[in-house]
Amino acid sequence: MIDTKDLIACPTCDALWRAAEPKEGERAVCGRCHTVLRTPRKGEATRITALALTVAILLVGTIFLPFLHISVRGFSNDSSIVDAALAFSEGLTTPLVIATVAMVLLIPLGRALLLLYVVAPIAFTGRPQKGAATAYRWSEDLKPWSMAEIFILGCAVALVKVTSLATVVFGSAFWLFSILVIITVFQDGFLSRWSIWQTLDQS
Ligand SMILES: [Zn+2]
């Protein structure tokens with residue numbers, strides 16, 4: 001018989017493995033689908049804190065900076081992400097404005113801030129803040145609704161069509177947003193949910 005405490009289930013493919021503490025510089029990954037299962041706690045919280053802080057700063061930057069500059073036959077237009085969302089603000093499509101702003105900006109920002117609240121105290125003091133477990137659960141629940149990467153992919157597809165009709169110049173917010181999507185992917189790759197829950201459980 002094996003104690004269930006020694007077992008770890010892969011959150012992606014449900015494979016069950018015997019859990020071993022990875023050494024410094026090592027990670028435990030699922031042998032079947034390569035999802036990160038465990039990382040050494042030392043250093044992980046600091047890395048996740050840095051990435052979450054970067055995501056939050058980049059998101060705030062993308063709200064205020066120009067996203068695209070489009071010009072055709074002497075007419076030109078600068079637009080930010082908020083302008084793009086506000087394009088739906090007439091008639092029946094008004095709820096789309098709320099949905100777009102929430103899924104593209106507010107929810108990713110909320111997730112980054114929740115994650116900061118959970119991991120920053122662990123990184124600096126080794127102990128989580130009060131309510132960290134609830135904050136982490138919210139951050140995980142919001143994950144499917146955070147659609148920054150889908151937005152940037154949609155933009156890329158739409159722009160391929162627009163470039164044949166008008167001159168399109170990407171603004172600084174577009175590049176910030178692209179970097180942000182890559183960082184989010186890295187952050188999710190580094191993050192070991194199991195290690196975080198274990199730290200939260202122990203406290
Ligand atoms: Zn797996």
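This is a predicted model: local features need pLDDT of at least 70, side-chain atom pairs count only at pLDDT 80 or more; totals for chains, interfaces and linings use all residues.
1. Some ground rules: local features need pLDDT of at least 70, side-chain atom pairs count only at pLDDT 80 or more, and totals for chains, interfaces and linings use all residues. Residues are numbered from 1 along each chain as its sequence is written, and side-chain values use heavy atoms, with hydrogens and water left out.

2. Searching the whole structure turns up eight aromatic pairs. Rings of Phe, Tyr and Trp (its six-membered ring) pair if their centres lie within 6.5 Å; planes under 30 degrees apart are stacked, over 60 edge-to-face, and the rest tilted. With centres 6.3 Å apart and planes at 90°, Phe 67 and Phe 177 are therefore edge-to-face. Phe 67 sits in the loop between helix 1 (41-64) and strand 5 (68-72) and Phe 177 in helix 6 (residues 172-190), so their pair ties together parts 110 residues apart in sequence. (Helices, H or I of at least four residues, and strands, E of at least two, are DSSP runs numbered from the N terminus.)

3. Buried means under 20% relative accessible area, exposed over 50%, partly exposed in between (1.4 Å probe, protein chains only). Phe 67 is buried at 3%, and Phe 177 is buried at 0%.

4. Phe 67 and Phe 177 belong to one aromatic cluster with Phe 151, Phe 170, Phe 174 and Trp 175.

5. Do look at the open sheet of three strands, ordered 6-5-7 with antiparallel pairing. Strands pair if DSSP finds at least two bridges between them; strands 5 and 6 have five. Among the bridges, Leu 68 partners Ser 79 in strand 6.
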